[in-house]
Amino acid sequence: NAGGLAYNQGRYAPAGQSSIENGFGYTSGGGYPVQNVRSTIDKFSFATDATYATVVGALTVSRRETRGQSSTTHGYTSGGRTLPQYYNVIDKFPFSTDANATDVGDLTGGRSWGAGQSSTTHGYSAGDYPITNVIDKFPFSSDADATDVGDLSVARGIASGQSSTVSGYTSGGYDTGPSNVIDKFPFSSDANATDVGDLTVSRYGSAGQQY
């Protein structure tokens, strides 16, 4: 990976998490081909540019096409797939120490390729494959299953997730073809998403960002 970071293991469709307080980024799961999936949790520093990320733990189940969520203290990896199995697992690992993840709950269904969002108190999974419009929500304060709290404006999977301090966004994705829809849903209440704009180009499988 010329001029940049190289993961300890090459992989495809992992989840990403961020610890702003501790200054590290994480990549969990992933793999290619789909039969060669990883449970690895990699960690890299925001403060310095390093040649390689380091392996700091493992997920409870090897899988790819997951989505990532982050609280101030933990990273979460939810859902995912290992052919032919779709998983509903919500894994949690600490930012304060290097350790394996633990299974702390379930999504409302087994699915992959959803978009992940994070508020200060909850993690969200929106849209998925097989195609769905479901917005799932689970708490950071306790280990619990997710609940279905709303719907996207258009059912789709392979979308990207973004988070502001007050709202979650699901952008792009794939339904009958690539989508340009930007959906927005509130963190303050359980509600359906609304279509608030379009990407410049219809796309799916892109990266999401958190504020």
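Accessible areas were computed by the Shrake-Rupley method with a 1.4 Å probe, and for residues only the protein chains shown count as cover. On this basis the protein chain exposes about 9500 Å², of which carbon and sulfur atoms supply 50%. The structure is a predicted model, in which local features need pLDDT of at least 70 and side-chain atom pairs count only at pLDDT 80 or more, while totals for chains, interfaces and linings use all residues. Residues are numbered from 1 along each chain as its sequence is written, and side-chain values use heavy atoms, with hydrogens and water left out.

Along its principal axes, the C-alpha trace spans about 40 × 35 × 35 Å. Where contacts (heavy atoms within 4.5 Å) join residues at least 6 apart in sequence, 45% join residues at least 24 apart.

A closer look can be taken at one residue. Arginine 81 lies in strand β7, residues 81-82, and is buried, with a relative accessible area of 14%. What does the side chain of arginine 81 make a polar contact with? The partner is the side chain of glutamate 65, at 2.7 Å; a polar contact is a pair of N or O atoms within 3.5 Å, where within protein one must be able to donate a hydrogen and the other to accept it, and residues adjacent in sequence count only if both atoms are side-chain atoms.

Definitions and conventions. Helices (H or I, at least four residues) and strands (E, at least two) are DSSP runs, numbered from the N terminus. Buried means under 20% relative accessible area, exposed over 50%, partly exposed in between (1.4 Å probe, protein chains only).
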